[in-house]
Amino acid sequence: MPLSPSLTMSKYSFLLETKEEGFFELLPTLRLKKYGGWLVAEAIEQEEISKLQSQSTIRAVQLAKRIATSRNISIDEAFVLLQSGGALSDVDLLADFTEETLGMISSGSSMEASNARMATAFVRSRGQGLIEGEWQDIGDWSQEDTENLPRKIIAKVVEFIAAEQDAEMKEVADAAKKAKGQSSPPSQKN
């Protein structure tokens, strides 16, 4: 599934910029802007990835139920068969479900693919590349561009994504504490 076209920054992106931008360096020629939280487009992309993973889980449960019913085994045993791909003694057991099993496996998204998709979303919305000696936004970054990065760079993007989420959660928690402190009635002393 292609990335949402909304991940490119709008013509009003400059309104979001602060005077002191922070950056996270991925490479000497590639960096990400720090915002202290996720942008809406990034959260939407994560939701889409989660939906796909949930759909895959539902398909796996449905298939495990059919296998369990058909072969008079427990659902747990059916899951073990699906996860292991079936040991040699179980080949006959899964033979009736080969097409469904392959369809379920091919429709699912691996962690590696999910990470690459999120990395693409973050580079599109925050990335800057050092192009001809100047830092420029790279909103046209593609999934193919991400796939050409070394895995250690994807790991750094995932680290950055987690740090931005943590910063946002801390800000929300701090605001909640502050609001709770302001709404508490003053204590009365007798």
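What follows is a short exchange about how terms are applied to this predicted model.

Guide: Local features here need pLDDT of at least 70, side-chain atom pairs count only at pLDDT 80 or more, and totals for chains, interfaces and linings use all residues. Residues are numbered from 1 along each chain as its sequence is written, and side-chain values use heavy atoms, with hydrogens and water left out.

Visitor: What makes a stretch a helix or a strand?
Guide: Both are DSSP runs, numbered from the N terminus: helices are H or I with at least four residues, strands are E with at least two. The chain has seven helices and four strands. Along the sequence the pattern reads β-β-α-α-α-α-α-β-β-α-α.

Visitor: Why is Glu45 called buried?
Guide: Buried means under 20% relative accessible area, exposed means over 50%, and partly exposed is in between (1.4 Å probe, protein chains only). Glu45 has 0% relative accessibility, so Glu45 counts as buried. Glu45 lies in helix α1, residues 40–71. Buried residues make up 30% of the 190 residues in the chain.

Visitor: What makes the pairing of Glu45 and Arg117 a polar contact?
Guide: A polar contact is a pair of N or O atoms within 3.5 Å; within protein, one must be able to donate a hydrogen and the other to accept it, and residues adjacent in sequence count only if both atoms are side-chain atoms. The side chains of Glu45 and Arg117 are joined at 2.4 Å.

Visitor: What makes Asn72 worth a remark on phi?
Guide: Most residues other than glycine have a negative phi. Asn72 is not a glycine, yet its phi is positive, about 55°. Asn72 sits in the loop between α1 and α2 (75–84).

Visitor: How do you know that Asn72 is exposed?
Guide: Asn72 has a relative accessible area of 73%, therefore Asn72 is exposed.

Visitor: Where does Glu132 lie?
Guide: Glu132 is in the loop between β3 (127–131) and β4 (134–137). Glu132 has a positive phi of about 50° and is not a glycine.

Visitor: Why is Glu132 called exposed?
Guide: Glu132 reaches a relative accessible area of 81%, so Glu132 is exposed.

Visitor: How do you know that Glu144 is exposed?
Guide: Glu144 has a relative accessible area of 56%, so Glu144 counts as exposed. Glu144 lies in helix α6, residues 143–147.
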